[in-house]
Amino acid sequence: MKKTYMLNMGPQHPSMHGVVRLVLELEGERIVDVDAEIGYLHRAFEKHSENETWNNVVPWTDRLNYVSPLINNVGYAMAVEKLAGIDVPERGRYIRVIASEISRVTDHLTCIGATAMELGALTVFLYLIKGREYLYQLVDNLTGARITTAFTRVGGVKGDLPPGFAEKFREIAKEVRLCVAESDRLLTRNRIFMDRMEGTGKLSPADAIAYGVTGPFLRSTGVAYDVRRSHPYAVYDRLDFEVPVGSTGDNYDRYLCRLAEIEQSLRLIEQCLKQIPEGKHSLEPKEIKYAFEIQDAGKLGDTALLAKYAAKVDQTLEGMSKDDQPNTRVLDRKITLPAKESTYTNIEGLMNHFELVMWSWGVKIPPSETYFAVEGGNGELGFHIVSDGGDGPYRVRCRPPCLFPMSAMKKLLIGAQIADVIPTFGSINMIAGELDR
């Protein structure tokens with residue numbers, strides 16, 4: 001009988017993104033058994049959510065898959081809206097799709113770049129992270145933050161697209177496509193990269209379905225399941241896009257699927273920017289006052305002309321004025337925050353704002369429960385939410401897409417070489433914040 005020995009990879013290891021531990025039983029360099037131990041970044045997302053009001057959960061969703069936070073924001077908000085029977089304005093739905101697809105591109109760029117770096121292709125990592133940086137600047141412009149976006153609200157989004165957003169995106173899309181093309185030339189037919197990726201980490205379609213795997217991981221096996229196509233939400237049913245699939249279900253196919261999905265996401269954003277209905281989102285400069293000027297005038301009783309002015313606010317509050325709201329949010333004072341002009345200039349608006357953000361007040365949803373899922377960067381991201389009629393969720397359960405391929409680690413690695421752990425684990429794109437919630 002051959003002698004085996006145990007080897008720990010993680011929880012602190014350069015290729016174990018975040019914190020996770022693999023306990024490997026080895027015979028020489030061949031993997032005889034593997035045990036994946038998770039839980040090092042358990043943040044109790046569900047329990048935190050059950051102690052917040054409906055809207056206050058949104059910032060917690062940023063920290064699930066923090067590489068694509070906007071998709072998390074959208075998924076949670078749509079689950080609550082399904083529970084409450086709320087229908088978001090059309091422009092708001094388009095903006096959610098735009099935000100989600102930007103996040104999907106940043107997610108795939110990070111996954112491919114990090115995997116390439118761990119296999120020695122540092123230049124590819126730099127190219128792709130440069131592309132991601134352009135998109136992060138766009139996200140910052142849209143939401144006021146790069147990672148902790150908290151962009152959606154129950155009933156809509158935080159604000160309208162900032163002025164010039166479409167033009168900026170078109171410029172950035174060129175740069176992202178250039179970065180992807182450069183990386184494609186360096187990697188896709190690279191002998192070293194192919195030797196490490198082709199035929200390693202294989203999973204059959206039947207095993208992938210049995211383990212509950214979704215996203216690019218499932219599609220690499222040839223199963224064309226995509227929540228955006230199978231269960232369309234927002235405005236995906238009006239958009240033309242392909243669902244790239246592989247044939248062998250190995251690490252190389254997963255790389256090719258993600259690479260192809262980047263282009264599909266860029267196409268989706270371009271279509272949204274063409275189709276998005278027009279809506280007035282700003283006033284003439286002479287009609288705009290700084291928020292503090294409006295506030296001071298109200299305190300001095302100089303209120304006669306306040307109703308005609310829009311509030312000029314800082315970047316993080318842009319798009320939240322009275323003229324933007326009808327296009328991006330539900331106009332129901334029991335659900336969505338009032339326009340900044342109302343909050344600043346009259347006691348009713350101020351009270352309305354306070355009541356919506358205070359515990360024991362805010363949005364109330366009748367007792368019921370529902371499940372809603374969106375297509376996350378790693379697959380089906382779902383939220384099961386229960387309401388007891390209060391101002392926040394009674395129970396929340398998240399379906400994190402990267403949990404399922406992690407549970408299939410034995411299938412992926414037993415019989416492989418120890419060097420195969422790196423590309424296989426990289427192709428899972430494990431994000432600890434999502435995995436452990």
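Two strands pair if DSSP finds at least two bridges between them. Helices (H or I, at least four residues) and strands (E, at least two) are DSSP runs, numbered from the N terminus. In β9, Phe 383 is the bridge partner of Phe 372.

This is a predicted model: local features need pLDDT of at least 70, side-chain atom pairs count only at pLDDT 80 or more, and totals for chains, interfaces and linings use all residues. Residues are numbered from 1 along each chain as its sequence is written, and side-chain values use heavy atoms, with hydrogens and water left out.

**Overall**

- The protein has 19 helices and 10 strands.
- Of its 437 residues, 56% are buried. Buried means under 20% relative accessible area, exposed over 50%, and partly exposed in between (1.4 Å probe, protein chains only).
- Contact means heavy atoms within 4.5 Å. Among contacts between residues at least 6 apart in sequence, 68% join residues at least 24 apart.

**The β8-β9-β10 sheet**

- Three strands form an open, antiparallel sheet in the order β8-β9-β10.
- β8 (368–375) and β10 (395–399) are the edge strands; each has a single partner, so one side of each lacks a neighbour in the sheet.
- From one strand to the next, the twist averages 10°. Axes are lines fitted to C-alpha atoms, for helices over the stretch in contact, and angles run from 0 to 180 degrees between N-to-C directions.
- β8 and β9 (residues 380–387) run antiparallel and are joined by eight bridges. Ala 373 stands opposite Gly 382 of β9.
- Helix α3 (residues 69–84) packs on the sheet and touches β8 and β9. Its direction makes about 150° with that of β8.
- Four residues separate the strands in the β8 and β9 hairpin, where Gly 379 takes a positive phi near 135°.
- Five bridges pair β9 with β10, again antiparallel. His 384 stands opposite Arg 397 in β10.
- β9 is mostly covered, with seven of its eight residues buried.

**Salt bridges**

- The whole structure holds 23 salt bridges. Each is a side-chain nitrogen of Lys or Arg within 4 Å of a carboxyl oxygen of Asp or Glu.
- Glu 50 and Arg 395 meet in one, at 3.3 Å, N to O. Glu 50 lies in the loop between α1 (45–49) and α2 (58–62) and Arg 395 in β10, so the pair ties together parts 345 residues apart in sequence.
- Glu 50 is buried at 15% relative accessibility, while Arg 395 is partly exposed at 38%.
- Arg 104 bridges to Glu 101, with the closest N and O atoms 3.0 Å apart. Both lie in helix α4 (residues 90–118), three residues apart, about one turn.
- Arg 228 and Asp 226 meet at 2.7 Å, N to O. Arg 228 is buried at 4%, and Asp 226 is buried at 1%.
- A network of salt bridges links Glu 101, Arg 104, Arg 219, Asp 226, Arg 228, Glu 261 and Glu 375.

**Asp 253**

- Asp 253 is found in helix α11 (residues 251–275).
- Asp 253 is buried but has no salt bridge; Arg 254, the nearest side chain of opposite charge, is 7.9 Å away. Lys and Arg count as positive and Asp and Glu as negative; His and the chain ends are not counted.
- The Asp 253 side chain reaches the backbone nitrogen of Thr 248 at 2.7 Å.

**Ile 418**

- Ile 418 sits in the loop between α17 (409–413) and α18 (421–428).
- Ile 418 is partly exposed, at 22% relative accessibility.
- Ile 418 and Arg 30 are 388 residues apart in sequence but 6.1 Å apart in space, C-alpha to C-alpha.

Methods:
A polar contact is a pair of N or O atoms within 3.5 Å; within protein, one must be able to donate a hydrogen and the other to accept it, and residues adjacent in sequence count only if both atoms are side-chain atoms.
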